[in-house]
Amino acid sequence: MPGFEFFDQREIDAVADVINRKMVHRYSFNDCRDGIYKVEEFEKAVADMVGSRFALAVSSGTASLYVGLKAMGIKPGDQIITSPFTFIATVEAMAECGAVPVFADIDESLNMDPASVASLINEKTRAVMPVHMFGAAADMDAIAKVCHDYGLPLLEDSCQAMGATYKGKYVGTFGKWGPYSLDPYKLLTVGEGGMIVTDDEELYRVMEYAHDHGHVHDKSIDRGAERKSGLGMNFRMSEIQGAIGVVQVEKMPGAIKTLRENKAKVLEAVGSVPGLVRRSFPDPDGEIATQLVYILPDGESAKRFQAASAEAGVGCGILSGNSWHYAKHWDSLREWGRCARAHGMDVPFYRPVDMEVTEGILCRAVVYGIGVTASDESLETMAKAIKAGAVAA
Ligand SMILES: Cc1ncc(COP(=O)(O)O)c(C=O)c1O
């Protein structure tokens, strides 16, 4: 659950310091800022944490996806295979590039089912983008193999999973570039923000210029005199966000440890309940434990589980009803597809009926949020509610 849960005096001091120095722009004012660049510090801290050569801070996770896709040359009509269970931003970033999202199925990990990818690949496919939902990695070995077999770039939407690993490697570092969201719901939050990591210097430079109107940044001259490289937009992060980020990234390991402990407490209190099955994990050791998901035998038992859990004092969501994270609910995408087809583009219909494998899982998946600052008492109440749900299911 969100990093603002554990905001304290350190974030307040960090913001106050930026305000006191009146240096809110991440670039510019080079001769009077005493060499202090908070966004740069934050970028370096994230790059060090995940082990990538470069990190570029941007204004949102959505911006990180868009800038990454643009920089790698994704163009109108290109198809990208992704998951229908994701936040809508994944497909918005693609559509903004004119690219066409194509949905694979998910499996009981709630992430892309690698076995469903190959049949979707055609001459227009430009990349495969699994989404690491709820802080846990997709099956990266299997997805990387499909990409390798078909000569396609493997991308990731790692916006929900900063800090998670797959077999010891940080999510976001498997493809040529990887995005993170730092929005108010994320474990590391700066209010609103995003980060892109990459080992590819050339790509990093393209992204750096593109996220700031094409500025070729040069601290030795005035910003107004900088050279231009390509058209860009403004997706800059401010020093206020950078300063919060520097503090938050230091808190990340402790926050992840606490989340894992809190989740373990709930699981231990629930104990072994026959028939109660959790979401599967391609790498259980790498998840950051932001959520706890159970997969019930069918949709009706999920509803009974949900009602009994609420009755016992803790509500849980059934994932098929999640309108912002499940493509079945996206009339706006269907409308976009209709317009694109009218312009001669090859775009799927995104019909709910074509998502029946995903629906078959999400309609019986119930989710609880795990808090960093959750009390032992609240974790015990959650465990009791889960047991009540299991009995009723
Ligand atoms: C999977 C996924 N992708 C992209 C985003 C977009 O991030 P932001 O809200 O920072 O734009 C989110 C945000 O929740 C997300 O969950």
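Predicted model: local features only at pLDDT ≥ 70, side-chain atom pairs only at ≥ 80, totals over all residues.
R341 lies over the face of F349, with 4.0 Å between R341 and the ring centre.

A pair of aromatic rings is described by how far apart the centres are and by the angle of the planes. The structure contains 9 aromatic pairs. One of them joins F54 and Y204, which are stacked, with 4.7 Å from centre to centre and 15 degrees between the planes. This pair links distant parts of the chain: F54 belongs to strand β1 (residues 54-58) and Y204 to helix α6 (residues 201-210), and the two are 150 residues apart. F54 and Y204 are both buried.

A further pair is formed by F103 and Y350, and its geometry is edge-to-face, with the centres 5.5 Å apart and 65 degrees between the planes. F103 is part of strand β3 (residues 100-103), while Y350 is in the loop between α9 (331-342) and α10 (356-362), so this pair ties together parts that are 247 residues apart in sequence. Here too both residues, F103 and Y350, are buried. The pair belongs to a cluster, in which ring pairs link F103, W330 and Y350.

Rolling a probe the size of a water molecule over the atoms shows where empty space is left. The largest pocket has a volume of about 810 Å³. Its lining is made up of 37 residues, and those closest to the pocket centre are Q160, Y185, K186, Q291 and H325. Which domains contribute to the lining of the largest pocket? At least three residues come from each of domain 1 (3-250) and domain 2 (252-392). As for secondary structure, at least two lining residues are supplied by each of α3 (61-71), α4 (89-96), β13 (317-318) and β14 (365-369). By class, the lining of the largest pocket consists of 20 nonpolar, 13 polar and 4 charged residues.

The second largest pocket has a volume of about 330 Å³. It is lined by 20 residues, and R26, E40, E43, Y204 and E208 lie nearest its centre. Y204 is also the residue that stacks with F54. The elements α2 (38-50), β1 and α6 each supply at least two residues of this lining. Which element gives the most to the lining of the second largest pocket? That is α2, with 4 residues. The class composition of the lining of the second largest pocket is 7 nonpolar, 3 polar and 10 charged residues. For the largest pocket, the charged residues number 4.

Backbone geometry is the next point. Most residues other than glycine have a negative phi. K22 is not a glycine, yet its phi is positive, at about 60 degrees. K22 is located in the loop between α1 (9-21) and α2. Is K22 buried or exposed? Its relative accessible area is 68%, and K22 is therefore exposed, since the cut-off for that class is over 50%. D34 is likewise not a glycine and has a positive phi, of about 55 degrees. D34 also lies in the loop between α1 and α2. With a relative accessible area of 69%, D34 is exposed.

K167 is in the loop between β5 (165-166) and β6 (169-170). The relative accessible area of K167 is 57%, so K167 is exposed. Along the sequence K167 and D285 are 118 residues apart, but in space their C-alpha atoms are 8.0 Å apart. S272 is found in the loop between α7 (239-270) and β11 (277-278). S272 counts as exposed, at 75% relative accessibility. S272 and K387 are 115 residues apart along the chain, and their C-alpha atoms are separated by 9.9 Å.

Technical notes
Residues numbered from 1 in each chain as written. Heavy atoms only, no water. Phe/Tyr/Trp six-rings, centres within 6.5 Å; stacked < 30°, edge-to-face > 60°. Buried < 20%, exposed > 50% of the residue type's maximum accessible area, 1.4 Å probe, protein only. Lys NZ or Arg CZ within 6 Å of the ring centre and 35° of its normal. 1 Å grid on protein atoms, 1.4 Å probe; cavity = no way out; pocket = protein on both sides within 12 Å on 5 of 7 lines; lining within 4 Å. Points joined across faces, edges and corners; volume = space filled by probe spheres on them. Nonpolar A, V, L, I, M, F, W, Y, C, P; charged D, E, K, R; others polar. Domains from an automatic or database assignment.
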